[in-house]
Amino acid sequence: MDDDWQQQIDALQEELVRRDDPAAWVREADAMDASRRYPALSLRGPVFGVAAQDPAAGPDWRLLKPVTDGMPQMARDGLHSHLWFMAKDDTDDPAVRRELLAAVAVMEREPVNEVEACGVRYRVVRGDEFARCDDDGLEPPRPTDLEPASRSWDKRAKDTPSPDVGFLLDPARPDGLAAGALRLGLSDFAYTGARFPSDVRRDSERAVTTHPEPVLLPTGFGVVERGRHGWQPCGTLMASPHDARRLLYNGMSEIWAMLYQYDDAKKARYARAAEEYKALDRADEFRFDDRLFRICRVERFLRMGPDGPEGPRPSDIDEYGPMKMHPTMDEDGTIHYESETAD
């Protein structure tokens, strides 16, 4: 460890001592225990979201959309819709609406990663998703991970809101000693090995220089299944362990039967298994029908440079391109639904 790293670690420890927060010390102990029990990091790959820089609120970048999309164009689509609905619902000023719709028009035609409207910069941002692991698999939730105040299993219950929205992208934020050490360790992280194409490796190495400061994003939780080639994700990233457990419960009880067209016998068998899993209450692992599921803890980070968060890299892949997603709107707010048919 060089002198700069040691100074930063020392500063993090001093901050923790100064706060005199018993809960923070428990979280630190939990994190240190996890680093020993799950010493390796398993990289899943890139994820994408949207950040905004609003001069009216200061120079900082904050997340506008969760960094959970699997392709850059998915995040562009999210920004595209956000700007269109801002024009529809958030203003009565024709000049403001005109500027928002001009940005929408660009995103309908081009795979742009940044647009500006009404003085606000919007950027599609890129992160990496990973999990801690040992020889047996991925790390489950920790005892100190926050759970919802009301842990409902109701299929209609609302998921915990994503902690990404509004998250400040500040490399210097005091996340704690363990998080600070992880952040420092990720500073020179780059893809290596033959399983990554050469252009992916080059882009990753370049990002270490162009965007040298990692920012750890809020921890998420997911459902994974052990398969022939390792652990595979089953569904989206959730904000709490219980939300991920309910995702697994809903999948077994109803959703998978519709998606994969189970016959009546299989549908009933999975519905019974869902109730068995629910009865376990806080189970983070469940084996059924020769399948092994686990609730795992998912971490993410993105890189910051002098001009803000890193955007998509040239080697990042899209499976489709931009398109017109919403009806045509006039600057006075009139929506022409028939124009979509004409297009």
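**Close-up 1. Salt bridge between Glu129 and Arg44 in the predicted model.** In this predicted model, Glu129 forms a salt bridge with Arg44, with the closest N and O atoms 2.8 Å apart; a salt bridge is taken here as a side-chain nitrogen of Lys or Arg within 4 Å of a carboxyl oxygen of Asp or Glu. Because Glu129 lies in strand S4 (residues 120-134) and Arg44 in strand S1 (residues 40-53), the pair ties together parts that are 85 residues apart in sequence; helices (H or I, at least four residues) and strands (E, at least two) are DSSP runs, numbered from the N terminus. Glu129 is buried, with a relative accessible area of 5%, whereas Arg44 is exposed, with a relative accessible area of 56%. Buried denotes under 20% relative accessible area, exposed over 50%, and partly exposed in between (1.4 Å probe, protein chains only). The structure holds 32 salt bridges.

Residues are numbered from 1 along each chain as its sequence is written, and side-chain values use heavy atoms, with hydrogens and water left out. As this is a predicted model, local features need pLDDT of at least 70 and side-chain atom pairs count only at pLDDT 80 or more, while totals for chains, interfaces and linings use all residues.

**Close-up 2. Salt-bridge network that includes Glu114 and Arg121.** Glu114, Arg121, Arg123 and Asp307 are linked in a network of salt bridges. Glu114 is partly exposed, with a relative accessible area of 33%, and Arg121 counts as buried at 19% relative accessibility.

**Close-up 3. Salt bridge between Arg269 and Asp289.** The side chains of Arg269 and Asp289 meet in a salt bridge at 3.2 Å, N to O. This pair links distant parts of the chain, with Arg269 in helix H8 (residues 264-279) and Asp289 in the loop between strand S9 (285-288) and strand S10 (291-305), 20 residues apart. Arg269 is partly exposed, with a relative accessible area of 29%, and Asp289 is also partly exposed, with a relative accessible area of 34%.

**Close-up 4. Crossing of helices H3 and H4.** The axes of helix H3 (residues 72-89) and helix H4 (residues 94-109) come within 9 Å and cross at roughly 155°; axes are lines fitted to C-alpha atoms, for helices over the stretch in contact, and angles run from 0 to 180 degrees between N-to-C directions. H3 and H4 are therefore roughly antiparallel to each other, a term applied to angles over 145 degrees. Their crossing is left-handed, meaning that the near helix is turned anticlockwise from the far one by less than a right angle.

Close-up 5. Ile255, Met258, Leu259 and Tyr260 form a nonpolar patch on the surface, with about 460 Å² of accessible area together. Such a patch is made of residues with over 30% relative accessible area and no salt bridge, nonpolar side chains (Val, Leu, Ile, Met, Phe, Trp, Tyr) being joined within 5 Å, and accessible areas come from the Shrake-Rupley method with a 1.4 Å probe, only the protein chains shown counting as cover for residues. Tyr260 is located in helix H7 (residues 241-260) and is exposed, with a relative accessible area of 55%. Ala257 also has its place in helix H7, but counts as buried at 10% relative accessibility. Ala257 and Ala268 are 11 residues apart in sequence and 9.3 Å apart in space, C-alpha to C-alpha.

Definitions and conventions:
Patch = residues over 30% accessible without salt bridge, like charges linked within 9 Å, V, L, I, M, F, W, Y side chains within 5 Å. Parallel < 35°, antiparallel > 145°, perpendicular 65-115°, else oblique.
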